[in-house]
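Open your viewer and get your selection tool ready. We will walk through a few stops together, one selection at a time.

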Amino acid sequence: MAEALRLAERGRYTADPNPRVGCVLVRDGECVGKAWHERAGEPHAEILALRAAGDQAKGASAYVTLEPCSHYGRTPPCADALIEAGIERVFAGATDPNPRVAGKGLDRLRQAGVSVNAGLMAEQSEHLNPGFFRRMRAGLPYVRAKLAASLDGRTAMASGESQWITGLPARRDVHRLRAASSAIITGVDTVIADNPQLTARDIEVDFIPPRRVVVDTHLRTPTERKMLCDERGVVIIHGGAMPAREGELIHAGAELWQVTQGDDGHVNAVAALEAMAEAQLNEVLIEAGPRLTGAWLQAGLVDELIVYIAPHLMGHESRPLLALPGLEAMAERLELKMIDQRQIGNDLRLSWRIGGGEDI
């Protein structure tokens with residue numbers, strides 16, 4: 001199963017919106033076939049492993065990181081293919097959270113006389129697919145927020161100057177993080193101030209370009225911004241009908257999603273994330289200013305915080321990492337749990353899970 005998980009990892013940049021799944025077939029103590037799911041619409045890991053094994057699949061055991069599917073989607077059911085190939089035992093990792101599967105694949109295998117053992121390294125399988133599990137269970141994507149700051153927690157000089165806080169290796173690492181995301185989210189203030197491209201570039205692996213999403217309650221996005229001047233497209237999530245601006249932005253190439261507004265007069269963050277989940281976006285990355293990032297974090301909608309810390313000081317007059325109004329007592333602090341730390345060039349990349357929780 002550990003080998004199947006390593007194989008599944010190879011679909012990190014390309015399997016979206018499907019889960020990353022690996023499969024290993026073993027017969028008489030030897031591996032006779034192994035594969036991973038590469039792209040949505042293409043054969044699943046089990047099918048590719050069966051093809052690799054050929055006739056040797058008969059009587060073999062299958063180790064698959066996620067419950068084999070039992071329904072017809074873009075491809076036929078994998079459970080049926082395992083049965084037809086003569087697989088005798090199936091060791092499954094996590095049970096598929098998709099309501100269309102949710103145990104049905106394992107039941108179909110058992111009914112056909114296949115020995116089934118479920119739950120082997122299930123936690124690792126879920127952690128490999130946090131967005132897929134979150135979307136299926138809660139109707140929301142898994143949300144990461146990425147920030148870059150000086151050692152004293154500053155993200156820009158008082159003038160707004162911010163290029164570059166971190167070194168080139170860290171910036172390249174951010175592009176890999178973008179490439180592994182279903183979408184990159186920013187706010188309209190960042191679009192106006194920084195005119196970002198929000199693309200994944202100079203990546204040495206094949207990947208699906210992430211969608212670019214701008215949260216813009218009142219449709220203030222200028223039509224000449226970089227994101228509207230290329231062919232990759234941009235989604236603008238707004239909070240009300242503004243026919244004149246809608247026409248301008250659609251003509252400029254934007255896709256508009258209207259959602260409700262919250263009590264604060266801004267786009268309702270939960271509604272925005274629900275719309276993203278409806279569009280099958282599993283893992284989304286926030287690259288926005290301190291206000292939007294802080295507001296979504298305080299609303300409990302950020303699952304993971306990734307901060308690149310640069311080895312320099314920018315002074316107390318520079319702009320802060322996050323805007324977190326209302327925190328006045330130590331008891332009101334937001335708890336974080338460290339899940340990863342590593343050096344990237346001269347910078348540090350620190351990753352925390354919000355609230356110290358581990359559930360996906």
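This tour of a predicted model goes from the nonpolar cores to the aromatic rings.

**Stop one: the largest core.** Select I237, M276, I286 and W296. These belong to the largest nonpolar core, which has 34 residues, and they touch the most other members. Now colour helix α10, residues 269-278: with five residues, this helix supplies the largest share of the core.

**Stop two: another core.** Next, pick A35, A49, C69 and A79. They are among the 32 residues of a core that lies apart from the previous one.

**Stop three: the aromatic pairs.** There are two aromatic pairs to visit. Begin with Y63 and F91: their ring centres are 4.7 Å apart and their planes meet at 5°, under the 30 degrees that count as stacked. Is Y63 buried or partly exposed? Its relative accessibility is 21%, so Y63 counts as partly exposed.

Move on to F132 and F133. Here the centres are 6.2 Å apart and the planes are at 85°, so this pair is edge-to-face. Both F132 and F133 are buried.

**Last stop: a charge over a ring.** Select W164 and R171. The charged end of R171 sits over the W164 ring, 4.4 Å from the ring centre.

Notes:
Residues are numbered from 1 along each chain as its sequence is written. This is a predicted model: local features need pLDDT of at least 70, side-chain atom pairs count only at pLDDT 80 or more; totals for chains, interfaces and linings use all residues. Side-chain values use heavy atoms; hydrogens and water are left out. A nonpolar core is a set of buried Ala, Val, Leu, Ile, Met, Phe, Trp, Tyr and Cys residues joined through side-chain atoms within 4.5 Å. Buried means under 20% relative accessible area, exposed over 50%, partly exposed in between (1.4 Å probe, protein chains only). Helices (H or I, at least four residues) and strands (E, at least two) are DSSP runs, numbered from the N terminus. Rings of Phe, Tyr and Trp (its six-membered ring) pair if their centres lie within 6.5 Å; planes under 30 degrees apart count as stacked, over 60 as edge-to-face and the rest as tilted. A charge sits over a ring if NZ of Lys or CZ of Arg is within 6 Å of the ring centre and within 35 degrees of the ring normal.
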